[in-house]
Amino acid sequence: TLTLTNPSPNTLTNLNLSDVIPTGTTYIDSSASGNATYSSATRTLTWPTYPSMAPSQIITEIFKVRVN
């Protein structure tokens, strides 16, 4: 689970979120929320750009891995 929080008093724009899947685990295909894409070459999940995030807003994305 990844949780993003905007602690600022300003609206944030054009946010990018990605996460590298740790060595010793395997990403479970199609398990990521929010239309994330997975690159097996870089072991990275990337979510589409968030156009804006209001003050105090929380965004949560999830995905599953298997421990090898």
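**Entry: ground rules**

I note that the model is predicted, that local features need pLDDT of at least 70 and side-chain atom pairs pLDDT 80 or more, while totals for chains, interfaces and linings use all residues. Residues are numbered from 1 along each chain as its sequence is written, and side-chain values use heavy atoms, with hydrogens and water left out.

**Entry: the whole protein**

I looked up the elements and found zero helices and seven strands. Both kinds are DSSP runs numbered from the N terminus: helices are H or I with at least four residues, strands are E with at least two. Read from the N terminus on, the order is β-β-β-β-β-β-β.

The C-alpha atoms fill a box of roughly 40 × 15 × 15 Å along the principal axes. The protein exposes about 4,500 Å², and carbon and sulfur atoms supply 53% of that area. Accessible areas come from the Shrake-Rupley method with a 1.4 Å probe, and for residues only the protein chains shown count as cover.

Of the 68 residues, 26% are buried.

Among contacts with a separation of 6 or more, 71% are between residues 24 or more positions apart.

**Entry: Thr-25**

Is Thr-25 buried or exposed? Thr-25 counts as buried because its relative accessibility is 10%.

A polar atom of the Thr-25 side chain lies 2.6 Å from the backbone oxygen of Pro-22. Leaving aside neighbours within four places in sequence, I list Arg-43, Val-65, Arg-66, Val-67 and Asn-68 as the contacts of Thr-25.

I traced an open sheet of three strands in the order 2-5-4, with antiparallel pairing. Two strands pair if DSSP finds at least two bridges between them. Strand 2 (12–20) and strand 4 (37–39) are at the edges with a single partner strand each, so one side of each has no neighbour in the sheet. From one strand to the next the twist averages 25°. For that angle, axes are lines fitted to C-alpha atoms, for helices over the stretch in contact, and angles run from 0 to 180 degrees between N-to-C directions.

Strand 4 and strand 5 (residues 44–53) are joined by three bridges. Opposite Tyr-38 I found Leu-45 of strand 5.

**Entry: strands 1 and 6**

Strand 1 (residues 2–5) runs antiparallel to strand 6, and four bridges join them. The bridge partner of Thr-5 in strand 6 is Ile-58.

In a regular strand the side chains alternate between the two faces of the sheet.

Met-53 is in strand 5. It counts as buried because its relative accessibility is 2%. Leu-15 is 38 residues away along the chain, yet the C-alpha atoms of Met-53 and Leu-15 are separated by 8.0 Å. Beyond neighbours within four places in sequence, the contacts of Met-53 include Leu-4, Thr-5, Leu-12, Leu-15, Ile-58 and Ile-59.

Next I looked up the largest nonpolar core, which has 13 residues. Such a core is a set of buried Ala, Val, Leu, Ile, Met, Phe, Trp, Tyr and Cys residues joined through side-chain atoms within 4.5 Å. Those with the most contacts inside it are Tyr-27, Ala-32, Leu-45, Trp-47, Tyr-50 and Phe-63. Strand 5 gives the largest share, four residues.

Not counting residues up to four places away in sequence, Trp-47 touches, among others, Leu-2, Leu-17, Ala-32, Ile-62 and Phe-63.

Most residues other than glycine have a negative phi. I looked up two residues with a positive value.

Asn-35, in the loop between strand 3 and strand 4, has phi near 60°. Asn-35 counts as exposed because its relative accessibility is 68%.

Arg-43, in the loop between strand 4 and strand 5, has a positive phi of about 60°. Arg-43 is partly exposed, with a relative accessible area of 26%.

How values were computed:
Buried < 20%, exposed > 50% of the residue type's maximum accessible area, 1.4 Å probe, protein only. Polar contact = N/O pair within 3.5 Å; in protein donor to acceptor, adjacent residues only side chain to side chain. Contact = heavy atoms within 4.5 Å.
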